Amino acid sequence: MDINIRKRSEVHVIQLRGQLRMGQAVDGLREAMEETVRSGGLYLVINMAEVPMIDSSGIGLLVKFLASTKGRGGNIKLLNPSKFAIQTLKLVGVLNLFEIFDDESKAVDSFG
Amino acid sequence: MPNEPAFNDASSDFRDLLNVSIPATADDVAKVSDKVAEILVGLGLAEEKQLEIGLALQEALANAVVHGCGNDPSKNVHCQLKSDSQGRLLIIVRDPGPGMDVGPRDTAKLSPNLYQDHGRGIYLIRQLMDDVRFERRGSEIQMWKY
């Protein structure tokens, strides 16, 4: 999986490309998110436009970091998840935990 | 452990599309997932169906590696993909572990703790596939897509 991180104001935009599944993909995203949080990042936008599938490991990772950032006053928001990714998140009952956006600027601005 | 899976449907004409044994590593799971994805494309299945089958397979293989093999790369996971003349697909994943308690079908529910970071795999598989059966005390899963 390819991971690219940009900062827009106080918001970290993490762009993903590839399947978010057990192994290198989830491990790589975990490292990226841990580094972001270590550097003080509390506001994350995960751009999932190029993520065709997310498995339960990927879901678990997102949910875990959502809980920890929210606990510190931050949040993680999802940008352009695929139809199948949305379906999967909905199937396991966590879709409503996340705010979903189809525009990066709106996602970034939503952190106020 | 016997070499053959528990599946034995003498009334069907299932043929093997894939029959592999892989080390219990995430990288090898990814290779098998990608190979199955290629096969599904070749069968001309609708994209949504391909994704559903692909995700169910990914979950089954992940469970086999993590729970069945304890992430031990010296252990192997067996995976078969079969199809029959009616277009039904069957995926069998088997691990050398002691099995697990998968519970009766009607109580296959998610934990109420939405923030847990694990434990959704079996539930997802049951939602994505048309029929799911466990054999060998849970160390073998058979997943049907009609």
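In what order do the elements of chain A run from the N terminus on, and what surroundings does A:Ala85 have within that chain?

Tutor: The model is a predicted one. From the N terminus on, the order of elements in chain A is β-β-α-β-α-β-α-β-α, which comprises four helices and five strands. The radius of gyration of chain A is 13 Å, close to the 13 Å that the globule rule gives for 112 residues, so the chain is as compact as a globular protein of that length. Its C-alpha trace spans about 30 × 25 × 25 Å along the principal axes. Within chain A, 40% of the 112 residues count as buried. Among the contacts of chain A with a separation of 6 or more, 73% join residues 24 or more positions apart.

A:Ala85 belongs to helix α3 of chain A. This residue is buried, because 23 other C-beta atoms lie within 10 Å and the cut-off for burial is 20 or more. Leaving aside residues up to four places away in sequence, A:Ala85 touches A:Met48, A:Val51, A:Met53 and A:Ile54. A further reference point is A:Leu95, ten residues from A:Ala85 along the chain, with 9.5 Å between the two C-alpha atoms.

Helix α1 (residues 26-42) and helix α2 (residues 47-68) of chain B pack at an angle of about 155°, their axes being 10 Å apart. Since angles over 145 degrees count as roughly antiparallel, α1(B) and α2(B) are therefore roughly antiparallel to each other. Their crossing is right-handed. On α1(B), the residues that meet α2(B) are B:Ala26, B:Val29, B:Val32, B:Ser33, B:Val36, B:Ala37, B:Leu40 and B:Val41. Their counterparts in α2(B) are B:Gln50, B:Ile53, B:Gly54, B:Leu57, B:Gln58, B:Leu61, B:Ala62 and B:Val65. The residues of this contact comprise twelve nonpolar, four polar and no charged.

Notes. Residues numbered from 1 in each chain as written. Chains lettered and ligands numbered in written order. Predicted model: local features only at pLDDT ≥ 70, side-chain atom pairs only at ≥ 80, totals over all residues. Axes fitted to C-alpha atoms, helices over the stretch in contact; angles between N-to-C directions. Helix = DSSP H or I, 4+ residues; strand = E, 2+ residues; numbered from the N terminus. Parallel < 35°, antiparallel > 145°, perpendicular 65-115°, else oblique. Left-handed = near helix turned anticlockwise from the far one by under 90°. Contact = placed C-beta atoms within 7 Å. Nonpolar A, V, L, I, M, F, W, Y, C, P; charged D, E, K, R; others polar. Buried ≥ 20, exposed ≤ 12 C-beta atoms within 10 Å, placed from the backbone. Rg over C-alpha atoms; globule rule 2.2 N^0.38 Å.
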